[in-house]
Amino acid sequence: MPHKVPCTGPHMEYNVLMGSILARAKSREPVGLHAHAMDNLRFIRETMERAGSFTGVPGMGGMLMGLSALGAAYLAARQSSLDGWLAVWVGEALVAVLIGAVTAARKGRAVKASLLSGPGRKFALGLVPSILVAALLTFVLYRSGLYAIIPGIWLLLYGTGILSAGAFSVPVVPVMGICFVALGAVALFCPLEWSRWFLAAGFGGLHVVFGALIAARYGG
Amino acid sequence: MAKPSTVRQERRPALQAIAEVAPAKFDRLIHERLRLGIVSALAANESLTFNELKKLLKTTDGNLSVHARKLEEAHYITCTKSFEGRLPKTEYRLTAGGRRALERYLDHMEALIQAMRER
């Protein structure tokens, strides 16, 4: 019933992509369609990102990382040398990164690699810098023989990374970050005999507890 | 302001223009904003409840249930109803068909953008 429409001149057109009436010349239509296709893609991505923060971080991954850290703590405690102890934990860090990447990818498995464009990417971008800094500091501290503060530095930097990465996620994630920072701060002022157990409590205990919380409340 | 139902005829030129530049069959069902939102949100999650979707898409009960029903009829999403204690809980999931439809739509939009760049 075109005659019932009050404002349909030659320059008026119902714009299907926006669902609103826009006055524009027909010759400019390609530009409009192009812009609205972009707008649609943006809408899809933003919706997926917002929806992703209902779940975001992989809880099961956190639990697995925690369990592997507890295993590493047991192995590390049996090492006779400090180098052996350090090697076990560095190995555990690599295992944890692998677990985190695999579980995050599994959870973020959605249309067109949303891991790289959505919440997963934000989380990784927030976390990666502090992990790289921790790796560098570990090397320097190892060379200087300052083993005692390594556990504290690891907990502090991991906590800081989780805090900033989790700023985009559900509230429980930054809370976990704060717990890591607090534990790290205490560990810094303890002798190595104590602080090595802080690693088990942090990377093992906190991961298992918060992983379970996330898995239960935000699914998987 | 004209109601959408009275201007449906006017949509035709834009739809045809899209069909011309993009090769795949244009999916009107998923094209509507709220339905696109539902499908996108479910693509990022295993499942979402009615209330989560409502909050996420900032819409009303009536609007959401009408559009979710349409997607359900097209087998793009599934709906399971259960009880959590005494409260009814409606949970939606994206089907494999729904995921493919969203992928097709994304390809479609990308093809459209590509085509416009080449012009």
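Predicted model: local features only at pLDDT ≥ 70, side-chain atom pairs only at ≥ 80, totals over all residues.
In the largest nonpolar core, which holds 35 residues, the members that touch the most others are Trp154(A), Leu155(A), Tyr158(A), Ile162(A) and Phe180(A). Several helices of chain A supply two or more residues each to this core, and they are set out below with their residue ranges.

| Helix of chain A | Residues |
|---|---|
| H2(A) | 59-77 |
| H3(A) | 82-107 |
| H5(A) | 119-144 |
| H6(A) | 150-165 |
| H7(A) | 172-188 |
| H8(A) | 192-218 |

The largest contribution to this core comes from H6(A), which gives nine residues. Once its neighbours within four places in sequence are set aside, Ile162(A) is in contact with Leu127(A), Val173(A), Met176(A), Gly177(A) and Phe180(A).

Chain B has six helices and three strands, and from the N terminus on its elements follow the order α-α-α-β-α-α-β-β-α. Although 29% of the 119 residues of chain B count as buried, helix H3(B), which spans residues 33-43, is mostly covered, with nine of its 11 residues buried. Among the contacts of chain B between residues at least 6 apart in sequence, 56% join residues at least 24 apart.

Conventions: Residues numbered from 1 in each chain as written. Chains lettered and ligands numbered in written order. Core = buried A, V, L, I, M, F, W, Y, C linked by C-beta atoms within 7 Å. Buried ≥ 20, exposed ≤ 12 C-beta atoms within 10 Å, placed from the backbone. Helix = DSSP H or I, 4+ residues; strand = E, 2+ residues; numbered from the N terminus. Contact = placed C-beta atoms within 7 Å.
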